[in-house]
Amino acid sequence: NLGTEEEPNKPFNLTTVVDASTVADVLATITSEDADLTKAFADTVAKYLSNTKEPSTAGVIDELTDGYYLVQDASAPEIDEDNNASLNSGAKTRYILKVVGDDVEVNAKQAAPTVDKQVYDNDDKVTTGDNNDWGETADHAINESFQFKLTAKIPGNPQIASYDTYKIVFNDTMSNGVTFENIASIKVAGVDIKDITSAWSDDISEDPEASKDGLDWSLTVNNVKAHIPTGKTWGTDEIVVEVIYNAHLNANAIVSDIDYDGVYSGVNNNNVFLQYSNNPNWDGTGTEELGETVDDTVGVFTYKVTNTKYANSIGEGNELGGAKFELYSDAACENKVPVKVVDGSDGKYYIPDVASGTNYTITSQGDGTFNFVGFDAGTYYVKETEAPEGYNLLTEVKTITITAVHSEKSDGTGATLD
């Protein structure tokens with residue numbers, strides 16, 4: 001039983017009133033197309049609509065008799081985060097109730113969420129933004145755990161309020177150089193729901209905690225409305241859904257050097273796009289159609305340092321193999337950096353093994369090289385621990401400093417790195 005705006009307590013049951021003039025009298029008292037009674041009437045009638053529709057041509061539907069008509073956009077227009085036209089697929093409107101007499105203008109109001117992906121960078125970096133923060137670019141060592149954050153923002157407005165249920169799907173793509181570890185948290189309006197709702201698909205369908213390199217995966221929240229905490233109102237307040245997951249660079253990571261060309265193909269790029277409920281008139285049967293945002297991309301850098309050991313003096317012919325070193329993260333040479341040897345096409349090199357490594361010995365090859373690949377920005381200290389037979393031990397500790405300045409390009413198509 002619903003009342004009118006003028007008489008909110010007046011009994012009126014749409015399922016029992018069969019006289020059209022009585023319905024018309026009640027609807028005539030409504031002054032706003034967004035009124036609750038108008039919506040209730042449209043919802044009730046919509047359940048009994050046939051599949052016969054009258055398409056418009058150039059915005060005009062001709063030769064209609066007087067009466068009430070339900071108007072809906074035939075397809076969801078493309079919109080951007082400000083609800084303007086763009087590459088994002090948009091959202092259909094709720095059925096719009098209009099009384100047809102002379103010309104009637106129908107305004108299709110749009111409402112759709114946005115999505116953003118960021119990566120956490122630790123405080124050893126130098127960037128154009130703040131240290132120790134989330135951003136569009138970061139640098140990390142191979143095998144060093146760090147986090148990605150996916151953020152969907154669902155606007156608060158009457159179009160969003162009209163959905164009975166609201167689904168969102170994060171579709172995440174990681175490059176081959178990144179290994180997924182696990183989901184850290186899933187929050188709706190600041191409340192973690194990780195343990196009570198998650199629907200997995202693609203490569204993580206059976207085991208979302210499985211470590212996999214360079215995969216596509218998705219995370220579905222089937223009904224965001226069901227998890228709105230106290231103090232937030234669906235359709236009035238903006239609702240933020242946040243997913244944070246742990247990952248690390250692996251041995252397949254792209255390693256940056258002075259030849260970096262400023263495109264995402266030359267960095268460990270990762271992106272996300274969001275699918276979302278886009279038809280408030282969906283009755284829950286069949287497969288729900290979903291809108292889709294454009295991709296948002298972030299980039300992760302890692303670096304290499306080329307080292308050569310010489311006998312007596314630097315110069316061709318003096319390259320010296322068989323010297324052994326250890327790498328430290330502090331000037332006092334108390335904190336060793338574990339490393340792993342990799343056989344590459346140009347010989348052996350060393351990558352960090354910070355997660356589980358137990359090897360600390362680095363040995364120069366026959367050509368004197370002992371290159372470091374996949375290291376984070378920062379300062380490192382190299383100490384020779386054993387000289388080849390017939391040579392004196394180098395007593396001086398060598399300092400290596402990697403300084404990097406990186407950020408996303410203003411147009412979002414790539415990244416810059418110095």
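## A loop cysteine

Cysteine 333 lies in the loop between strand E18 (324-328) and strand E19; helices (H or I, at least four residues) and strands (E, at least two) are DSSP runs, numbered from the N terminus. The model is a predicted one, in which local features need pLDDT of at least 70, side-chain atom pairs count only at pLDDT 80 or more, and totals for chains, interfaces and linings use all residues. Residues are numbered from 1 along each chain as its sequence is written, and side-chain values use heavy atoms, with hydrogens and water left out.

Most residues other than glycine have a negative phi. Cysteine 333 is not a glycine, yet its phi is positive, about 55°. The residue is buried, at a relative accessible area of 15%; buried means under 20% relative accessible area, exposed over 50%, and partly exposed in between (1.4 Å probe, protein chains only).

Alanine 189 is partly exposed, with a relative accessible area of 23%.

## The chain as a whole

The protein chain contains three helices and 26 strands. It has 418 residues, 44% of which count as buried. Among its contacts with a separation of 6 or more, 68% are between residues 24 or more positions apart, where contact means heavy atoms within 4.5 Å.

## An open sheet of four strands

Strands E17, E22, E20 and E19 form an open sheet in the order E17-E22-E20-E19, with mixed pairing. Its edge strands, E17 (303-305) and E19 (339-344), each pair on one side only. From one strand to the next the twist averages 30°; axes are lines fitted to C-alpha atoms, and angles run from 0 to 180 degrees between N-to-C directions.

Two strands pair if DSSP finds at least two bridges between them. E19 and strand E20 (residues 347-352) run antiparallel and are joined by six bridges. Valine 341 has tyrosine 350 in E20 as its bridge partner.

## Strand E3 and its partners

Strand E3 (residues 114-121) is largely enclosed by the rest of the structure, because six of its eight residues are buried. It runs antiparallel to strand E6 (residues 145-154), with six bridges between the two. Lysine 117 has leucine 150 in E6 as its bridge partner.

E3 also pairs with strand E4 (residues 133-135), in the antiparallel sense and over three bridges. Here aspartate 121 stands opposite aspartate 133 in E4.

## A cavity and a pocket

On a 1 Å grid over the protein atoms alone, a cavity is a set of points where a 1.4 Å probe fits but cannot get out, and a pocket is an open set with protein on both sides within 12 Å along at least five of seven lines; lining residues have an atom within 4 Å of a point. There are two cavities of 30 Å³ or more in the structure.

Of its 18 lining residues, Thr308, Lys309, Tyr310, Leu394 and Lys398 lie nearest its centre.

Key. Points joined across faces, edges and corners; volume = space filled by probe spheres on them.
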